[in-house]
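Okay, thanks everyone, let me get going.

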Amino acid sequence: DAAGKHTETGANPPSVRTGMTIAEFNKQLSQKKYVLVDYNAKWCAPCKEMLPMLEAFAGKRKDKMALLRIDADEHKALMKEKGINGVPYLELYQDGKLTWKHDGAIGENQLASETKL
């Protein structure tokens, strides 16, 4: 019986929160025409190796593209909701719609040719 007990609905206490919600994620996608999402983890060697390339790639296109980095360990609920089980994992959104995705490490030339950016 919850009568007389204070309960909150719709929000997790900060200590239990497992990162960004899908609504917050979707809001991030409206930053620019293109948003490159980098799902990564601090312990992931390929993720660390790809970071300078991803930052340079986004930097060259900063007028039309944003880089959104998602730490898999800090955003477990989002990872689960999106069905992403491993890192590195990349997604490209154009005007909020998923247009490209890639599982695993990738080089800048392949990224540029596959995303056509």
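So, which side chain meets Lys 42 in a salt bridge at 3.0 Å, N to O? That's Asp 71. Keep in mind that this is a predicted model. The two residues come from distant parts of the chain, 29 residues apart: Lys 42 is in the loop between β1 and α2, and Asp 71 is in strand β2. Lys 42 counts as exposed, because its relative accessibility is 55%, while Asp 71, at 10%, is buried.

Lys 42 also has a salt bridge to Glu 74, at 2.7 Å, N to O. Glu 74 sits in the loop between β2 and α3, so this pair ties together parts 32 residues apart in sequence. Glu 74 itself comes out as partly exposed, at 43%.

Okay, what about the rest? Searching the whole structure turns up 6 salt bridges. One of them joins Asp 38 and Arg 69, at 3.1 Å, N to O. Here strand β1, with Asp 38, is linked to strand β2, with Arg 69, and the two residues are 31 apart. Asp 38 is buried, at 0% relative accessibility, whereas Arg 69 is partly exposed at 35%.

Now the rings. The whole-structure search gives 3 aromatic pairs, and there's one cluster made up of Phe 25, Tyr 39, Tyr 89 and Tyr 93. Separately, Arg 61 lies over the face of Phe 57, 3.6 Å from the ring centre.

That's my tour, happy to take questions.

Definitions and conventions. Residues are numbered from 1 along each chain as its sequence is written. This is a predicted model: local features need pLDDT of at least 70, side-chain atom pairs count only at pLDDT 80 or more; totals for chains, interfaces and linings use all residues. Side-chain values use heavy atoms; hydrogens and water are left out. Rings of Phe, Tyr and Trp (its six-membered ring) pair if their centres lie within 6.5 Å; planes under 30 degrees apart count as stacked, over 60 as edge-to-face and the rest as tilted. A charge sits over a ring if NZ of Lys or CZ of Arg is within 6 Å of the ring centre and within 35 degrees of the ring normal. A salt bridge is a side-chain nitrogen of Lys or Arg within 4 Å of a carboxyl oxygen of Asp or Glu. Helices (H or I, at least four residues) and strands (E, at least two) are DSSP runs, numbered from the N terminus. Buried means under 20% relative accessible area, exposed over 50%, partly exposed in between (1.4 Å probe, protein chains only).
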